[in-house]
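Biologist: Could you walk me through this chain? I would like to take it slowly and ask things as we go.

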Amino acid sequence: MSWLFGYSRPTSGQAPPSVGGGPSPPPPPPNQKEEKGAADTMSSYHFDSAALERAAKAAKELERSKYAKEAFDLANKHEQSLQMEYQSKLKEYELGMEQIKIQQYRAQQEERRKTLEEEAKIQKQRADYQDMLARKRQEDQLALQARMQEETLKKQEDSVKKQEAMRRSTIEYEAELRHKNEMKQIEAKIRGEAQVERENRELRLERARVEAKEHRQTILESISTAGAVIGSGFNAFISEREKVATAVASLTLLAGGVYGAKYGIGTAARLVEARIGKPSLVRDTSRLNVVDAFRHPITTIKRYFARPADPLTGIILEPSLEANLRKIAIATRHTKANKGFYRNVLMAGPPGTGKTMFAKVSFP
């Protein structure tokens with residue numbers, strides 16, 4: 001509604017917009033004098049009265065219009081929207097100012113942080129430099145102390161070396177004197193022993209001759225005495241025939257008793273082992289011996305010259321069991337022929353199934 005109060009005049013040839021949607025009034029007829037006077041007045045007072053008249057006329061028309069209330073509401077809303085825009089711009093301005101303040105504060109804090117970092121860096125460099133100076137002073141002191149200690153140790157070593165050289169020279173001189181004295185003593189001792197040895201040599205030789213002569217005489221006397229005793233005893237033994245016969249008989253009986261006892265005990269042990277230590281089946285099927293040969297000579301001869309028969313003759317068995325028993329019989333025959341060690345076989349089953357028959361044939 002600013003055009004009503006002359007803030008924004010409409011261009012020439014255009015009528016102001018109608019309010020309420022009604023038809024706009026016709027424009028007044030042009031009057032050059034009035035327009036010129038109005039122009040002079042505007043130029044003199046700078047006030048447009050026509051605009052005020054138009055505003056009053058429009059206000060009257062607006063009051064008479066049925067859309068007056070809506071127009072006023074619309075104008076109020078327009079003003080409120082303008083105020084809200086102004087408030088929003090004001091808020092934006094205040095927000096911008098706050099952001100500028102925040103940025104300034106951040107910049108100040110950043111500058112302060114950089115300043116503190118620079119100060120800390122400078123302090124660290126200063127502390128490092130002071131530490132370096134302190135370490136250097138400490139190193140110089142340690143180096144000086146080390147040099148002083150080395151010089152002291154060197155002086156001590158030189159002193160010890162001198163003392164050791166003096167002690168060694170003294171010991172060598174004492175050893176040389178001692179060696180000379182010992183050599184003189186040894187030479188004197190050797191000369192004395194040689195003199196004594198020369199003086200005692202003849203005495204030792206004479207003593208050795210006497211001892212050898214006495215030993216030879218003692219041995220000869222012992223031999224002659226032993227020969228006389230043995231000869232007299234042998235002559236006495238030979239002269240009595242009864243003693244000779246008794247001695248020969250005693251020796252013969254003693255030898256016979258020793259050998260008889262030896263072989264008798266062995267025979268008795270084998271007999272006891274054959275009769276008591278083995279079961280009846282083994283006794284019946286044992287190998288040939290002298291007693292059985294004297295008791296049953298014909299059977300013994302037949303058994304000795306008989307060829308080995310099939311151990312499973314007359315025995316009916318399953319094929320697998322028959323094959324296993326045949327392998328056992330053949331292995332036993334080879335073991336007996338090669339004089340090896342027999343295997344232990346345990347056969348179990350009811351009576352009358354051929355266990356004893358197989359054992360007698362397989363283990364003759």
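Biologist: How confident is the predictor in the chain, and what share of the residues reach a pLDDT of 70 or more?

Modeller: This is a predicted model, and the mean pLDDT of the chain is 77, with 77% of its residues at 70 or more.

Biologist: Which elements have the lowest and the highest mean pLDDT?

Modeller: The lowest mean, 47, belongs to helix 5 (residues 280–284), whereas helix 3 (residues 68–239) has the highest, at 87. Over residues 278–286 the pLDDT is below 50, and this stretch has 13 contacts in the model beyond near neighbours in sequence.

Biologist: Switching topic, how many helices and strands are there?

Modeller: The chain has nine helices and zero strands.

Biologist: And what percentage of the residues count as buried?

Modeller: Of the 364 residues, 6% count as buried, and the chain exposes about 32500 Å², of which carbon and sulfur atoms supply 59%.

Biologist: Which residues are buried in helix 9?

Modeller: In helix 9, which covers residues 355–362, the buried residues are Phe358, Ala359 and Ser362. They cover an arc of only 100° around the axis, so they sit on the same side of helix 9.

Biologist: Why do residues three or four places apart in an α-helix point the same way?

Modeller: An α-helix has 3.6 residues a turn, and therefore residues at that spacing point the same way.

Biologist: Now the charged side chains: how many salt bridges does a search of the whole structure find?

Modeller: The search finds eleven salt bridges. One of them joins the side chains of arginine 168 and glutamate 164, at 3.9 Å from N to O, and both residues lie in helix 3, four residues apart, which is about one turn of the helix.

Biologist: Is that pair buried or partly exposed?

Modeller: Arginine 168 counts as partly exposed because its relative accessibility is 43%, and glutamate 164, at 29%, also counts as partly exposed.

Biologist: What about glutamate 176, which residue does it form a salt bridge with?

Modeller: Glutamate 176 forms a salt bridge with lysine 180, and their closest N and O atoms are 3.7 Å apart. These two residues also both lie in helix 3, four residues apart.

Biologist: Which residues are linked in a network of salt bridges?

Modeller: Glu110, Arg113 and Glu117 are linked in such a network.

Notes
Residues are numbered from 1 along each chain as its sequence is written. This is a predicted model: local features need pLDDT of at least 70, side-chain atom pairs count only at pLDDT 80 or more; totals for chains, interfaces and linings use all residues. Side-chain values use heavy atoms; hydrogens and water are left out. pLDDT is the predictor's confidence in each residue, from 0 to 100. Contact means heavy atoms within 4.5 Å. Buried means under 20% relative accessible area, exposed over 50%, partly exposed in between (1.4 Å probe, protein chains only). Accessible areas come from the Shrake-Rupley method with a 1.4 Å probe; for residues, only the protein chains shown count as cover. The arc is that of the directions from the helix axis to the C-beta atoms. A salt bridge is a side-chain nitrogen of Lys or Arg within 4 Å of a carboxyl oxygen of Asp or Glu.
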